[in-house]
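Q: I'm new to this one and would like to go through it step by step. Could you show it to me before I start asking?

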Amino acid sequence: MPRNLWLRIGLIAVAVAVSLWYLYPPKQRINLGLDLQGGIHLILGVDTKKAIAAQTERAAEDFRQALERKGIGIKRVAREGDRAISVALASPASWNDALTVASQFQTFTRKASDQTVGTFTLEMDEREASQQIDLATRGAVEKIRNRVDKFGVAEATITRQGDDRILIQLPGVQDPDRAKALIGQTGLLEFKLLDERTSVEEALAGRLPETAELLFQRRVDPESKQETKIPFVVQKRTLLTGAELTDASVQADPNSTGNWQVSITFSAAGAQRFGEITENSVGRYLAIVLDGSVYSAPRINERIPGGRAVITGQFTVEQARDLAIVLREGALPAAVSILEERTVGPSLGADSIRQGMIAIAASAALVFVFMLVYYRLSGLIADVALVLNLLLLLACMAAFGATLTLPGIAGIALTLGMAVDTNILIFERIREELNNGKLPRSAIEAGFNRAFRTIIDTHVTVLVTAAILYNFGTGPVKGFAVSLFVGLSASLFTAVFFTRLLFDLIYLGRRKVATISI
Amino acid sequence: MIRIFRNPDFNFIGRRRWAYCVSLALVLIGLGSLAIRGLHYDIDFTGGALVQVRFEQPPDVRAIRAALAKVGLGDSVIQEFGEAREFIIRVPLSAQTSQEIGTKVRDALAADDALGKVEMRRVEFVGPQVGRELQLQAIYAVLFGIAGILIYIAARFDLKGGVAAIIAVFHDVTICLGALSLTGREFSLPVLAALLTIIGYSVNDTIVAYDRLRENRGRGQRGRSFAEQMNGAVNQTLSRTVLTALTTFFATAILLTLGGKVLEDFAFVLVVGVVTGTYSTIYIAGALVVDWTLYVEGRGSKGKKAVAKA
């Protein structure tokens with residue numbers, strides 16, 4: 001017996017033991033993809049353009065105020081496009097003072113200046129813009145993660161993809177609509193005064209002053225489910241945002257049974273600001289705007305101290321609860337939209353698992369019987385190797401935390417068919433050597449050695465395609481690539497190492513080998 | 001000992017003209033179908049929405065369409081899926097197709113009392129941007145796959161072998177796509193994965209034959225023409241090629257019949273691909289190298305014998 005035989009037995013034993021250890025208990029060890037266990041897969045795009053535009057808008061407002069503080073007369077300060085602020089001074093005489101103010105806005109560069117009429121443009125730097133995109137995306141990922149945590153989804157995956165995308169995977173969520181609403185809502189709460197100088201009719205006709213905008217309140221008739229939109233003319237200026245609140249909680253709406261409302265509490269600074277706003281605007285109407293929709297616009301009767309406010313709408317208890325989560329966690333730094341969605345219901349996932357398992361079992365059974373009938377004892381060796389192959393494949397997937405998807409199951413079934421290829425290559429070669437008159441032992445030796453090079457070549461080509469699939473594929477396809485890759489690697493190991501070991505154990509130990517059962 | 005072939009000595013290479021005709025016919029049928037009938041792209045590539053629903057009772061397709069028409073989705077494609085009470089509704093990409101499409105379809109179907117209870121089995125929405133990207137990625141994946149294999153074979157054997165293997169791969173892929181088009185199946189991401197697998201599989205087979213040819217060099221090959229040597233290599237590896245094709249074919253055929261409706265198109269491509277991949281290994285890949293070598297030799301330049309040089 002060759003000396004290293006025990007070493008090889010030991011190695012296989014260790015491989016099997018480690019595999020079993022990784023696989024036990026299998027239900028918890030194998031990650032099932034969303035297509036198998038049911039759940040939501042979302043790719044969100046962060047509207048970075050709007051985030052930058054909002055940043056520019058704020059800078060424009062700051063710039064206007066800075067000019068006003070210096071007593072510089074202005075004709076116009078307004079955002080132009082996403083990244084530029086166009087400025088027109090009242091008189092070219094204050095040119096130098098205005099430039100001094102502009103130089104304090106370091107992330108903006110002055111362009112297209114015309115001193116004779118006193119106009120110039122400030123443009124946001126490329127670096128600043130990409131930094132804003134990065135901040136917006138990172139912030140959105142964090143906020144969404146917090147919301148999902150509060151919502152209570154086990155094993156949710158929320159990761160950034162590329163510059164401005166977020167991949168979200170929520171396994172086993174029962175109510176996809178609700179989850180989507182919770183995740184996708186920007187949650188930007190704003191308090192704005194109504195513009196009472198402009199009538200709704202004028203605004204609808206398109207005659208709006210630059211400082212006002214037309215927003216709508218959505219109402220759904222509980223009986224006919226018809227949606228109506230009530231227009232409001234609102235001042236563009238935001239007096240207070242949800243960033244200033246410290247808590248949000250759900251209450252029953254005292255004025256309308258069955259509806260719920262969200263009560264919010266401001267921070268100390270927020271409460272002070274809220275008090276000032278209400279004090280200065282007694283008799284006017286304050287619109288509560290959430291993500292660009294008016295929820296209510298109550299009349300301010302008196303100064304409201306204590307920093308509390310209530311958002312009413314036609315909320316169900318779930319909607320109110322989710323809105324409270326969104327408000328507590330804070331608004332997303334930029335709006336997000338769904339670019340891709342794949343939702344699989346739990347029943348379909350269960351069906352897929354069942355059918356996939358049947359397919360694997362049937363493939364395995366057919367291949368087993370085929371090998372056994374065709375190659376007899378050697379076929380049995382190949383079958384044992386196949387079982388080991390399957391074990392190693394699953395253990396590797398568990399060890400690397402890879403995800404098993406439906407195409408992944410197909411990949412396993414396919415690997416079963418292809419994995420015996422290595423054994424077939426070897427066995428055919430051994431038969432050939434026997435045919436050429438070699439003695440059994442040297443036929444085995446030659447068969448393994450000659451087939452080895454071919455086996456490497458064939459494996460490398462399929463591994464190359466599997467690797468490319470992994471790199472270019474998404475979700476389910478990646479799962480297929482993983483099981484193909486791992487399965488082929490395992491088959492390389494078992495065929496070259498394990499099959500050989502069994503042959504050596506059976507035929508090397510004996511004094512004389514007259515025939516091989518192949 | 002059971003054997004499919006006892007010392008096979010079929011004249012594959014000698015009959016290569018016939019094989020070329022058969023292949024050319026199949027490829028032309030495939031291309032013709034692709035040109036006339038076209039390929040149905042799944043929403044993965046076109047963008048759009050897909051909703052899979054199951055009713056308690058087999059419904060009338062017209063009733064489904066009427067219910068959808070009420071919410072302005074009347075032009076959706078409605079297909080029975082696997083069983084009489086299960087349907088797939090495809091909504092093309094338009095201003096209507098938003099992320100709320102699943103909810104809209106469900107509400108529309110649930111509102112219609114005639115349809116009974118409806119269960120949402122699957123909702124997929126692919127925005128136009130993602131669809132375009134997936135299209136590009138698909139093209140890259142196939143090109144990189146082919147390039148990777150070409151480089152590997154060119155490095156291990158020689159360029160002629162690599163190019164011939166790639167032509168055989170194109171042949172297989174064209175026939176698979178043609179079969180997809182003829183049967184009106186969808187070209188989706190999993191189908192792309194199947195195609196790439198077939199690329200790997202087809203080349204895999206071809207390599208085994210090339211490997212053998214190279215190994216045989218200098219062993220009693222004196223006086224045999226290159227065509228004879230190639231034919232010998234194909235024959236020597238024939239049992240293995242056919243056996244492996246059989247086991248893989250079993251596995252894919254079982255996937256097609258038992259793997260469920262979701263995997264059907266995927267498994268279909270695998271089945272077709274295994275058959276044509278095996279055929280192209282036996283009849284096409286080696287034959288092309290032979291013809292190329294003969295052509296080079298015929299021009300007077302003493303071309304090295306392709307593949308066999310290593």
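Q: In which sense does α7(A) pass α10(A), right-handed or left-handed?
A: This is a predicted model, and in it the crossing of α7(A) past α10(A) is right-handed.

Q: And at what angle do the axes of those two helices cross?
A: The axes of α7 (residues 176-184) and α10 (residues 317-329) of chain A cross at roughly 30 degrees and come within 10 Å of each other. Angles under 35 degrees count as roughly parallel, and α7(A) and α10(A) are therefore described as roughly parallel to each other.

Q: Which residues meet there?
A: From α7(A) there are Arg178(A), Ala181(A) and Leu182(A), and they meet Glu318(A), Asp322(A), Ile325(A) and Val326(A) of α10(A). Sorted by class, this contact has four nonpolar and three charged residues, with no polar ones.

Q: Switching to the two chains, how many residues are in contact?
A: On chain B 57 residues are in contact with 56 residues of chain A. Several elements of chain B each supply at least two residues to that side, including α4 (101-111), β5 (118-126) and α10 (264-298), while α7(B) gives the most, with 13 residues.

Q: What is that side of chain B made of, by class?
A: The side of chain B that touches chain A has 31 nonpolar, 19 polar and seven charged residues.

Q: Which strand of chain A pairs with β5(B)?
A: That is β18 of chain A, residues 336-344, which pairs with β5(B) in the antiparallel sense over five bridges. Arg342(A) stands opposite Glu124(B), a residue in β5(B).

Notes:
Residues are numbered from 1 along each chain as its sequence is written. Chains are lettered from A and ligands numbered from 1 in the order in which they are written. This is a predicted model: local features need pLDDT of at least 70, side-chain atom pairs count only at pLDDT 80 or more; totals for chains, interfaces and linings use all residues. Two residues are in contact if their C-beta atoms, placed from the backbone, lie within 7 Å. Helices (H or I, at least four residues) and strands (E, at least two) are DSSP runs, numbered from the N terminus. Ala, Val, Leu, Ile, Met, Phe, Trp, Tyr, Cys and Pro count as nonpolar, Asp, Glu, Lys and Arg as charged, and the others, Gly among them, as polar. Two strands pair if DSSP finds at least two bridges between them. Axes are lines fitted to C-alpha atoms, for helices over the stretch in contact, and angles run from 0 to 180 degrees between N-to-C directions. Angles under 35 degrees count as roughly parallel, over 145 as roughly antiparallel, 65 to 115 as roughly perpendicular and the rest as oblique. A crossing is left-handed if the near helix is turned anticlockwise from the far one by less than a right angle, and right-handed if clockwise.
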